[in-house]
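Trainee: I would like to learn how to read a helix in a model of this kind. Could we go through one together, beginning with the side that faces away from the rest?

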Amino acid sequence: MDEPGQAVRGAHHVQSLERGLAVIRAFDADAPNLTLSDVARSTGLTRAAARRFLLTLVDLGYVRTDGKYFSLTARVLELGYSFLSSMTLPEVAQPHLERLSSEVGESSSMSVLDGTEIVYVARVAISRIMTVTINVGTRFPAYATSMGHVLLAGLDEGEFDAYLEAARFDRLTPHTLTSPPALRAELAKVREQGWAIVDQELEEGLRSVAAPIRDRGGPVVAAVNVSTHASRTSPEAAREQMVPPLLAAARRIEADLALSPVRAHHG
């Protein structure tokens with residue numbers, strides 16, 4: 001029997017997966033132990049279908065049974081682990097980004113490295129300074145961004161060589177670093193000083209500073225930045241006025257991350 005809305009679902013829709021998840025969702029705090037009949041009634045499945053799904057879940061370790069009653073095991077928590085781990089970093093960072101933006105009066109963001117690009121995972125927008133709107137999920141080439149420089153500086157030699165092989169270096173503005181040796185030299189500077197500044201390499205008029213976020217074990221797992229319009233903030237002012245609060249925010253994020261129950265992961 002089709003579920004409501006089934007008609008609009010595409011050919012990709014796997015009804016057996018939908019039904020298996022419905023069986024898991026039949027259990028809750030009010031009904032932690034259910035009989036076969038209970039599950040069939042709750043999900044709208046036949047008793048035979050409900051039995052097949054339940055016994056499959058028992059085989060996989062997500063459900064236990066005493067022969068009459070069925071209940072979930074702690075293993076179902078694994079199903080939410082990926083979501084929790086991906087959400088931990090942005091959720092930890094968001095209040096610190098809000099405080100940072102309030103302190104400097106500019107937009108702030110967090111991103112992670114995905115292949116040759118950075119991906120925004122958290123953002124506080126004060127004003128629009130780019131021709132494109134930046135949202136969570138927005139991607140930019142790592143070589144042309146301050147957060148990209150911080151993230152690339154955190155790679156080991158083998159990882160960076162692999163990045164150079166995969167990346168395409170387009171000249172996005174007259175200021176863009178497109179030479180691998182020049183980029184390598186800039187990243188060495190970033191590693192030494194602990195932060196990056198990119199001056200109009202991604203887009204004319206956009207100036208930004210970024211700092212790394214390190215996991216408890218030491219690897220760089222994300223980057224935070226503050227971005228401003230070049231007409232508002234000189235490179236010297238960015239270094240003097242924006243870098244200190246940026247680094248302080250990064251340390252606060254790392255301190256909270258160290259207390260988080262779920263470790264940060266690369267995106």
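Mentor: Let us start with the outward face: on α6, the side turned away from the buried one carries the exposed residues Glu-165 and Ala-166. Buried stands for under 20% relative accessible area, exposed for over 50%, and partly exposed for what lies in between, with a 1.4 Å probe and protein chains only. Helices are DSSP runs of H or I with at least four residues, strands are runs of E with at least two, and both are numbered from the N terminus. This is a predicted model, in which local features need pLDDT of at least 70 and side-chain atom pairs count only at pLDDT 80 or more, while totals for chains, interfaces and linings use all residues. Residues are numbered from 1 along each chain as its sequence is written, and side-chain values use heavy atoms, with hydrogens and water left out.

Trainee: Which residues of α6 are buried?

Mentor: In α6, which spans residues 157–166, they are Phe-160, Tyr-163 and Leu-164. These residues lie on the same side of α6 because they cover an arc of only 100° around the axis, the arc being that of the directions from the helix axis to the C-beta atoms.

Trainee: What do the buried residues of α6 pack against?

Mentor: A contact is defined by heavy atoms within 4.5 Å. By that criterion, the buried residues of α6 pack against α5 (146–153) and α7 (180–193). Where α6 meets α7, Glu-157, Phe-160, Asp-161, Tyr-163 and Leu-164 face Pro-180, Leu-183, Arg-184 and Leu-187.

Trainee: At what angle do the axes of α6 and α7 cross?

Mentor: Axes are lines fitted to C-alpha atoms, for helices over the stretch in contact, and angles run from 0 to 180 degrees between N-to-C directions. Here the axes of α6 and α7 cross at roughly 145° and come within 12 Å.

Trainee: Which residue caps the N-terminal end of α6?

Mentor: That residue is Asp-156, with a side-chain oxygen 3.1 Å from the backbone nitrogen of Gly-158.

Trainee: How is Val-121 classed by its relative accessibility?

Mentor: Val-121, found in strand β5 (residues 117–124), counts as partly exposed because its relative accessibility is 22%. Neighbours within four places in sequence aside, Val-121 is in contact with Pro-90, Met-110, Ser-111, Val-112 and Val-136.

Trainee: How many helices and strands does the protein have?

Mentor: The protein has eight helices and nine strands, and 45% of its 267 residues count as buried.

Terms used
A polar contact is a pair of N or O atoms within 3.5 Å; within protein, one must be able to donate a hydrogen and the other to accept it, and residues adjacent in sequence count only if both atoms are side-chain atoms.
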